[in-house]
Amino acid sequence: MRDRYVLGGAQLATMDPRTPYGLIEDGAVAVEGARIAWCGPEAALPQAYADWPRQDLGGRLVTPGLIDCHTHLIFGGDRAGEFEMRLNGASYEEVARAGGGIVSTVTATRAADLEALVAGALPRLDALIAEGVTTVEIKSGYGLDRDTECTMLRAARRLGAVRDVTVTTTFLGAHAVPAEYAGRSDAYLEEVCLPTLRAAHGEGLVDAVDGFCEGIAFSAAQIGRVFDLAAALGLPVKLHAEQLSHQGGTRLAAARGALSVDHVEYATEEDARAMAAAGSVAVLLPGAFYTLRESQLPPTEHFRTHGVPMALATDCNPGSSPLTSLLLTLNMGCTLFRLTPQEALAGVTVHAARALGLADRGCIAPTLRADLAIWDVTRPAELAYRIGFNPLYARVHGGKLETRR
């Protein structure tokens, strides 16, 4: 169903911050083309929409379409073998000597062509779509050479063309130092990462630029070089920072006006103040926290105190977060990070949209994109409360209604 129609008899979680969930009971949404024309109590539906085709939702919950704002969805191979090795007692050093870790993913990704990368990623993307996701961010970062990084970004664009979902792309050439540049990280940036960013941008493949600022990856000064080029190219930035230690990445990202700073377990209150001043979103990634058995919780109280928006995302990747459920991520955000269900839902809608620089989605309001998720529940908290249960009834992407049940 598209063009123009009304969804009525609904509980609308508009995510308007003025009331809990922005909830409108017995509400209606009028959709025209790819946009929301009107929303509010059904009793107040304007006469102009009275003769539009109407579908009664029988009291079902309607939320904005979910947004997964941090994924590494495209990669070759898997890391199940090293997962098993670790649980059988192998050390990380032993796993690395056996060819495991990011090296194995880089090797497998370099060996895959465009079609193989798309085919491998489609089941992961379909799992997200089946849970009401309408927008997903996909990063490069497992090629670490010019050809493969660009191929990953082309694959991400292809995914957005073959599925009814919006895909945004992020260049993550500063993800790790490849084996052939071991001990020469500056040379890798100069000879591979920065030229590849220029080439990918020239091909129209890049929506944003990311990096990994950590002791095992790149320093804040090195990431600064990547951000300098991003600024010259007119691209927004975001950053993996303060996941395993405090390296100053959060302060750098805030100083550069980053859309988001992601992981942030070791961020400080000063970092939170800097993020608040910059308008940067804190993207929390409980899947990696869970998989790596971390114990350092992100400073959610500092983020609340200083008004830093908190988003949630799957961080889907083959090593530290092989997670393809944004609904499970909601539950993890509540149980592991002590977010409220309202904060968690905002984290995969309005704040996730902000983390991607997308002002046209994430809420249910007139003029915004008609990206919606319709659920076989009546209370928004049920989406975070249940574990391993998918109550999606239907999904709307750009005004196109797709009934799932």
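User: In this predicted model, which residues of helix α3 (residues 102-111) are buried?

Analyst: The model is predicted, and a residue is called buried here when its relative accessible area is under 20%. The buried residues of α3 pack against α4 (114-129) and α5 (146-162). In helix α3 the buried residues are Thr 105, Val 106 and Thr 109.

User: Which exposed residues does the face of α3 turned away from its buried side carry?

Analyst: Exposed stands for a relative accessible area over 50%, and the face in question is the one turned away from the buried side of α3. The exposed residues carried there are Thr 107 and Ala 111.

User: Are α5 and α6 roughly parallel, roughly perpendicular or oblique to each other?

Analyst: Two packed helices are described by the angle between their axes and the distance between the axes. The axes of α5 and α6 come within 9 Å and cross at roughly 40°, and the crossing in which α5 passes α6 is right-handed. Angles under 35 degrees count as roughly parallel and those from 65 to 115 as roughly perpendicular, and the two helices are therefore oblique.

User: How do the residues of the contact of α5 with α6 divide into nonpolar, polar and charged?

Analyst: From α5 the residues Arg 146, Glu 149, Cys 150 and Leu 153 take part, and they meet Val 192, Thr 196, Ala 199 and Ala 200 in α6. The residues of this contact divide into five nonpolar, one polar and two charged.

User: How is helix α6 (residues 185-202) oriented relative to helix α7 (residues 220-233)?

Analyst: The axes of α6 and α7 come within 11 Å, and their crossing angle is roughly 20°. Angles under 35 degrees count as roughly parallel, which makes α6, relative to α7, roughly parallel.

User: How many residues of the contact of α6 with α7 are nonpolar?

Analyst: The crossing of α6 and α7 is right-handed. Among the residues making the contact are Leu 189, Leu 194 and Leu 197 of α6, together with Val 226 and Leu 229 of α7. Three residues of the contact are polar and four are charged, while the number of nonpolar ones is eight.

User: Is Leu 172 buried or exposed?

Analyst: Leu 172 is found in strand β8 (residues 166-174), where, not counting residues up to four places away in sequence, it touches residues including His 72, Lys 139, Phe 212 and His 240. Since buried means under 20% relative accessible area, the 0% of Leu 172 makes it buried.

User: Asp 315 and Arg 338 both have a positive phi; which of them is exposed?

Analyst: Asp 315, in the loop between β13 (310-312) and α12 (326-335), has a phi near 60°, and its relative accessibility of 2% means that Asp 315 counts as buried. Arg 338, in the loop between α12 and α13 (341-347), has a phi of about 65° although it is not a glycine. With a relative accessible area of 60%, the exposed residue is Arg 338.

Terms used: Residues are numbered from 1 along each chain as its sequence is written. This is a predicted model: local features need pLDDT of at least 70, side-chain atom pairs count only at pLDDT 80 or more; totals for chains, interfaces and linings use all residues. Side-chain values use heavy atoms; hydrogens and water are left out. Axes are lines fitted to C-alpha atoms, for helices over the stretch in contact, and angles run from 0 to 180 degrees between N-to-C directions. Helices (H or I, at least four residues) and strands (E, at least two) are DSSP runs, numbered from the N terminus. Angles under 35 degrees count as roughly parallel, over 145 as roughly antiparallel, 65 to 115 as roughly perpendicular and the rest as oblique. A crossing is left-handed if the near helix is turned anticlockwise from the far one by less than a right angle, and right-handed if clockwise. Contact means heavy atoms within 4.5 Å. Ala, Val, Leu, Ile, Met, Phe, Trp, Tyr, Cys and Pro count as nonpolar, Asp, Glu, Lys and Arg as charged, and the others, Gly among them, as polar. Buried means under 20% relative accessible area, exposed over 50%, partly exposed in between (1.4 Å probe, protein chains only).
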